[in-house]
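Hello,

Here is the structure I promised to pass on. Have a look at it first, and then read my notes below.

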Amino acid sequence: VGYSVRGSIVEDLEKVPHRNVALLLGTAKYLRDGRENLFYTYRIKTIAELYAAGKASYILVSGDNSTVYYNEPQTMKNDLIAAGIPDSHVVEDFAGFRTLDSMVRSKRVFGQDSILVVSQRFHVERALFLGRARNIDAVGYCAADVPMGYGMKTRIREHFARIKLFVDLYLLNKQPKYLGEPVHIP
């Protein structure tokens, strides 16, 4: 997965191509024990830097919103507004339950054929692979990674997510849980 998309990940902010929309993949703001989730913090910081550098006109925040008590897109939007991004430039995708859902919905619901994907490298690689399989022109820019011991559970989970990636794409032809009506992003 990583090898096949390596040419689509840009390491230098100055070399990131402008895209109308940057897709910020969701995660929880806090860990279960109440501590700050560094995966989240680094993603918010990175997307704010990209926006400030003029690399994206709009931010599509995609994440889980499965209960009234848990809303990744709204939390991300609030923090991006606090970081100086105008409310009107942050669009919420409330049905990004999985990376596959976020990528496919970016095209089929939000009308984006060409996007900039932001998350940590392991996640960007998987998202780009999914995008390529679904004919989405995507480039990735990676948020800072977390210290090795901090994200061990996530790293282990990623190995299983990559196996599931192939099952979903090539055995099950998995589709997003929800599509819904098209949403226009200027």
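Asn-173 counts as partly exposed, with a relative accessibility of 48%. Please keep in mind that this is a predicted model. Asn-173 sits in the segment after α6, and its phi is near 50°, a positive value in a residue other than glycine. Asn-135 also has a positive phi without being a glycine, in this case near 60°. You will find Asn-135 in the loop between α5 and β6. Its relative accessible area is 62%, so Asn-135 is classed as exposed.

Now to the sheet. It is an open one of six strands, paired in parallel, and the order is β1-β6-β5-β2-β3-β4. The edges are taken by β1 (9-10) and β4 (90-93); each has a single partner strand, so one side of each has no neighbour in the sheet.

Some pairings can be followed residue by residue:

- β2 (residues 19-25) and β3 (residues 56-62) run parallel and are joined by six bridges. Ala-22 has Ile-59 in β3 as its bridge partner.
- β2 is also joined to β5, again in parallel, by three bridges. Here Leu-24 stands opposite Val-118 in β5.
- β5 and β6 pair in the parallel sense over six bridges, and Val-117 stands opposite Gly-140 in β6.

Is β5 enclosed or open to the outside? Five of its six residues are buried, so β5 is largely enclosed by the rest of the structure.

Helix α2 (residues 38-52) lies across β2, β3, β5 (114-119) and β6 (137-142), and its direction makes an angle of about 140° with β5. Helix α3 (residues 72-82) lies across β2, β3 and β4, running at about 170° to β4.

Next, the helix pairs. Helix α4 (residues 99-108) is mostly covered, with eight of its 10 residues buried. Those buried residues are Thr-99, Leu-100, Asp-101, Ser-102, Met-103, Val-104, Arg-105 and Ser-106. The axes of α4 and α5 come within 9 Å and cross at roughly 50°. An angle like that makes α4 oblique to α5, and the crossing is right-handed. On the α4 side the contact is made by Thr-99, Leu-100 and Met-103, which meet His-123, Arg-126, Ala-127, Leu-130 and Gly-131 in α5. Sorted by type, the residues of this contact are four nonpolar, three polar and one charged.

Which way does α5 lie relative to α6? Helix α5 (residues 121-133) and helix α6 (residues 152-171) pack at an angle of about 5°, with their axes 11 Å apart. The cut-off for roughly parallel is an angle under 35 degrees, and α5 and α6 are therefore roughly parallel to each other. From α5, the residues in contact are Phe-122, Glu-125, Arg-126, Phe-129, Leu-130 and Ala-133. From α6, they are Thr-154, Arg-157, Glu-158, Ala-161, Arg-162, Leu-165, Phe-166, Leu-169 and Tyr-170. Together, the residues of the contact of α5 with α6 divide into nine nonpolar, one polar and five charged.

Buried or exposed? Ala-127 is buried, with a relative accessible area of 0%. Leaving aside residues up to four places away in sequence, Ala-127 touches Leu-25, Thr-99, Met-103 and Val-117. The C-alpha atoms of Ala-127 and Ile-59 are separated by 16 Å, and the two residues are 68 apart along the chain.

Happy viewing, and write back whenever you like.

Best wishes

Conventions:
Residues are numbered from 1 along each chain as its sequence is written. This is a predicted model: local features need pLDDT of at least 70, side-chain atom pairs count only at pLDDT 80 or more; totals for chains, interfaces and linings use all residues. Side-chain values use heavy atoms; hydrogens and water are left out. Axes are lines fitted to C-alpha atoms, for helices over the stretch in contact, and angles run from 0 to 180 degrees between N-to-C directions. Helices (H or I, at least four residues) and strands (E, at least two) are DSSP runs, numbered from the N terminus. Angles under 35 degrees count as roughly parallel, over 145 as roughly antiparallel, 65 to 115 as roughly perpendicular and the rest as oblique. Contact means heavy atoms within 4.5 Å. Ala, Val, Leu, Ile, Met, Phe, Trp, Tyr, Cys and Pro count as nonpolar, Asp, Glu, Lys and Arg as charged, and the others, Gly among them, as polar. Buried means under 20% relative accessible area, exposed over 50%, partly exposed in between (1.4 Å probe, protein chains only). A crossing is left-handed if the near helix is turned anticlockwise from the far one by less than a right angle, and right-handed if clockwise. Two strands pair if DSSP finds at least two bridges between them.
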